[in-house]
Structure formats: C-alpha cells, structure tokens
Amino acid sequence: FGDRSCLAGLKQVVEAWNVVAQTRRLKTVQRLSPERRRRLKTRMGQHSIEDFTEAIEAIDRSPFLCGENDRGWKITFDWMLKPANFNKLIEGTYDR
C-alpha cells in the first residue's frame, strides 16, 4: 500500500466497523493507536478489502459475536484484528 491508499484503506475499514458497531451496539473505534494501526496495516497487507468487507458483514450476521451468548461477550475491533480470529470471520465460522 502506498501512504495515501493505505490511509484511505484504514479509514474505510474503521468506518465500516463503526457502522456495524453502532447498529449492533458494539464498541466503536474512537482512535487508531499506533498498535491498532500497525495491526490493521499488517492484516491489510495479508487480505483484500473484500475480505474486510466479508469479515465485518459476518459480524453483523452473527448474534453470538454481538453478545447473544451465555457470557454476554461481544466482539471488539482488536479481537477482529487477531490473525486467527480474522480468518475465522472470513471463513464463516460464526455464520448461522
């Protein structure tokens, strides 16, 4: 990614997350700390923007990820960025 396209991609992913987060009552991303930015850039280097779209849509489809589970646990942006978790999202592990 060039600097400009990378920044646009980061913004696009955060905006897509925040739309779903607001509708599903998840925590929105308020700021990209250096660590979050690094993780997001790493993931973006390994996956397409379409993969990010799929991952975020999978969250919206999954009651489990949105708190309908025995612990009331909800997905976070940081959880999504972990490699194994991101792969589970795009592979449909949480689809019902």
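Guide: Helices here are DSSP runs of H or I with at least four residues, numbered from the N terminus. The model is a predicted one.

Visitor: Where is arginine 25 found, and is this residue buried or exposed?

Guide: Arginine 25 is not a glycine, yet its phi is positive, at about 60°. The residue sits in the loop between H1 and H2. Exposed means a relative accessible area over 50%. Arginine 25 has 70%, so the residue counts as exposed.

Visitor: Leaving aside neighbours within four places in sequence, which residues are in contact with tryptophan 17?

Guide: Beyond four places in sequence, its contacts include Leu26, Lys27, Thr28 and Val29.

Visitor: The buried residues of H5 pack against which helices?

Guide: In H5 (residues 83-91), the buried residues are Asn85, Phe86 and Leu89. Their arc around the axis is only 100°, so they lie on the same side of H5. An α-helix has 3.6 residues a turn, so residues three or four places apart point the same way. The buried residues of H5 pack against H2 (34-46), H3 (49-61) and H4 (77-81).

Visitor: Is the ring pair of phenylalanine 64 and tryptophan 73 stacked, edge-to-face or tilted?

Guide: The whole structure holds 6 aromatic pairs. In this one the ring centres are 5.9 Å apart, with 40° between the planes. Planes under 30 degrees apart would count as stacked and over 60 as edge-to-face, so this pair is tilted.

Visitor: How many residues apart in sequence are the parts that phenylalanine 64 and tyrosine 94 tie together?

Guide: The two ring centres are 6.0 Å apart and the planes are at 5°, so this pair is stacked. Phenylalanine 64 is partly exposed at 29% relative accessible area, whereas tyrosine 94 is buried at 19%. Phenylalanine 64 lies in the loop between H3 and H4 and tyrosine 94 in the segment after H5, so the separation in sequence is 30 residues.

Note on methods. Residues are numbered from 1 along each chain as its sequence is written. This is a predicted model: local features need pLDDT of at least 70, side-chain atom pairs count only at pLDDT 80 or more; totals for chains, interfaces and linings use all residues. Side-chain values use heavy atoms; hydrogens and water are left out. Buried means under 20% relative accessible area, exposed over 50%, partly exposed in between (1.4 Å probe, protein chains only). Helices (H or I, at least four residues) and strands (E, at least two) are DSSP runs, numbered from the N terminus. The arc is that of the directions from the helix axis to the C-beta atoms. Contact means heavy atoms within 4.5 Å. Rings of Phe, Tyr and Trp (its six-membered ring) pair if their centres lie within 6.5 Å; planes under 30 degrees apart count as stacked, over 60 as edge-to-face and the rest as tilted.
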